[in-house]
Amino acid sequence: ATVRSKDESPSVRLASLLVLRRLKQEGVAVFLDDPDPAIVFEAARAINDAPVVAAMSALAAKLAKGLPERACFRAINAAFRIGDAAALGAAAARAEMAETVRTEALRTLAEWGSPSGRDRVMHLWRPLARRDAAAAREAVAPLLAGLFRDASKAVREEAARTAGKLGIQAPGLRELAGPKEPSGVRLAALRALAALKDEGLIEALLLAVGDRNERVRQEAAKLLRDVKDSRATAILGSLAADGSLPIRQAAILSLGLREDPEAERILAGLADQLLAGGLPAGLRLDVLEAAGKKPALADRIARYEAARPSDDPLAAWRDALEGGDGETGKTIFFGRVEASCMKCHRAQGRGGDVGPELTKVAAQRDRAYLIESIVLPNRQIAEGFAQVILKLQNDSIETGRIERETEKELHLILADGGRKAIPKSEIQMRKQGLSAMPEDAVKVLSRRDVRDLVEFLSTLK
């Protein structure tokens with residue numbers, strides 16, 4: 001009775017809630033009706049985070065009745081985990097709900113069939129089995145026509161994305177791809193139409209390739225690759241020949257993936273320009289890759305490769321000097337685990353100290369130096385960043401970069417970023433080593449990856 005009484009002070013109610021959380025008791029759900037929003041949030045945290053599995057259905061059901069915004073994300077996750085797609089649909093459809101809550105509900109429905117192994121809120125490993133997405137489709141399909149007309153741009157965009165991921169042909173989707181919509185909504189709608197192989201896709205793309213927005217034109221060039229319409233190749237040929245570099249790159253990539261004689265003819269012309277040295281530097285790699293997919297163009301590619309200077313170990317990489325995508329390069333630097341850039345180098349306030357800081361590297365070095373440092377890290381080692389190899393009196397070996405040296409100690413930064421002070425009295429032999437960056441680091445990166453990485457590094461000034 002004490003637990004349930006709203007006449008008790010907030011501190012007593014919160015203490016009771018925490019006890020029930022610790023015991024993982026279903027009764028903690030009673031606090032979802034508490035008049036204090038902070039206590040309601042703590043109840044949602046208890047149910048989702050502990051977790052209190054027996055109370056999850058009660059938490060999910062609250063999406064249809066109203067919860068404080070912070071608690072809604074736990075309720076969405078609870079509905080996702082117990083398989084209550086209807087509750088998620090109800091949250092997405094409620095106009096009075098916060099925009100962030102509604103878009104999260106739609107995003108969760110879109111991932112219904114292939115849930116991540118990590119909990120959406122806690123980011124802990126709580127895997128769910130793959131399941132049929134039919135429940136999500138049934139929950140959201142009747143709502144899409146209304147969501148496509150929603151006043152919120154973010155909701156319209158997420159609704160289009162959800163339709164594409166769940167494979168739902170819904171009235172109004174083609175209209176979202178039209179020029180009256182904001183670019184984010186149009187992009188989501190175009191991708192959804194492509195995923196659905198909608199018969200209206202070609203008309204939407206014809207409008208999109210002439211749009212004033214660069215991102216819309218670029219996306220249209222990418223999506224034209226799979227369109228079974230003779231007009232698509234001609235349009236891609238025009239885009240590949242003239243315009244901004246990103247759009248020409250997207251068009252060339254799409255031509256390489258199209259299986260028709262006209263696409264091959266256009267690529268042959270571009271390959272001839274490459275051989276003659278008349279192609280912009282930022283397009284060389286794109287033409288090489290696209291033409292390389294066409295057996296009939298193999299001789300042109302072979303002639304180009306054979307003309308490279310045999311005494312230049314970087315010759316094959318020089319086509320990656322320009323034309324990269326800086327945002328993709330940033331993702332590689334900070335997020336590609338196998339590349340390990342961030343582990344050793346610091347940039348934009350993040351990273352390690354094993355290698356040189358790169359925050360202003362583009363103000364001091366050109367692209368040629370950047371690509372050489374990635375591909376051949378030992379050709380020019382930045383001053384103060386060579387490794388030192390120490391043989392100690394007990395015959396053990398220590399390797400690292402010297403951070404500082406005193407009269408009595410050598411302070412090293414180790415390859416894993418750790419630090420170690422070694423008394424000089426324990427050092428038997430000292431030898432200069434190579435760069436901490438391994439020579440084969442580039443093996444995990446394609447030329448396209450290196451181009452994107454160079455583009456990102458070239459922005460650091």
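1. In what follows, Ala, Val, Leu, Ile, Met, Phe, Trp, Tyr, Cys and Pro are counted as nonpolar, Asp, Glu, Lys and Arg as charged, and the others, Gly among them, as polar. The structure is a predicted model, in which local features need pLDDT of at least 70 and side-chain atom pairs count only at pLDDT 80 or more, whereas totals for chains, interfaces and linings use all residues. Residues are numbered from 1 along each chain as its sequence is written, and side-chain values use heavy atoms, with hydrogens and water left out.

2. By class, the lining of the second largest pocket holds 7 charged, 5 polar and 4 nonpolar residues.

3. Helices H12 (214–223), H14 (245–257) and H22 (447–457) each give at least two residues to the lining of that pocket, and H14 has the largest share, with 5 residues. Helices here are DSSP runs of H or I with at least four residues, and strands are runs of E with at least two, numbered from the N terminus.

4. There is 1 cavity of 30 Å³ or more, a cavity being a set of grid points where a 1.4 Å probe fits but cannot get out. The volume of this largest cavity is about 30 Å³, and its lining consists of Ile 252, Leu 253, Asp 286, Glu 289, Ala 290, Lys 293 and Arg 448. H14 and helix H16 (284–291) each supply at least two of the lining residues, with the largest share, 3 residues, coming from H16. This lining has 4 charged and 3 nonpolar residues, and no polar ones.

5. In helix H6 (residues 99–110), 9 of the 12 residues are buried, so the helix is largely enclosed by the rest of the structure; buried means under 20% relative accessible area, exposed over 50%, and partly exposed in between, with a 1.4 Å probe and protein chains only. The buried residues of H6 pack against helices H4 (69–82), H5 (85–93), H7 (134–147) and H8 (153–166), where contact means heavy atoms within 4.5 Å.

6. Some backbone values deserve a look. The peptide bond from Ala 50 to Pro 51 is cis, with omega near -15°, and Pro 51 is in the loop between helices H2 (37–49) and H3 (56–61). Lys 24, in the loop between helix H1 (10–23) and H2, has a positive phi, near 55°, and counts as partly exposed at 46% relative accessibility. Asp 395 also has a positive phi, near 75°, and is in the loop between strands S3 (386–392) and S4 (397–405).

How values were computed:
1 Å grid on protein atoms, 1.4 Å probe; cavity = no way out; pocket = protein on both sides within 12 Å on 5 of 7 lines; lining within 4 Å. Points joined across faces, edges and corners; volume = space filled by probe spheres on them.
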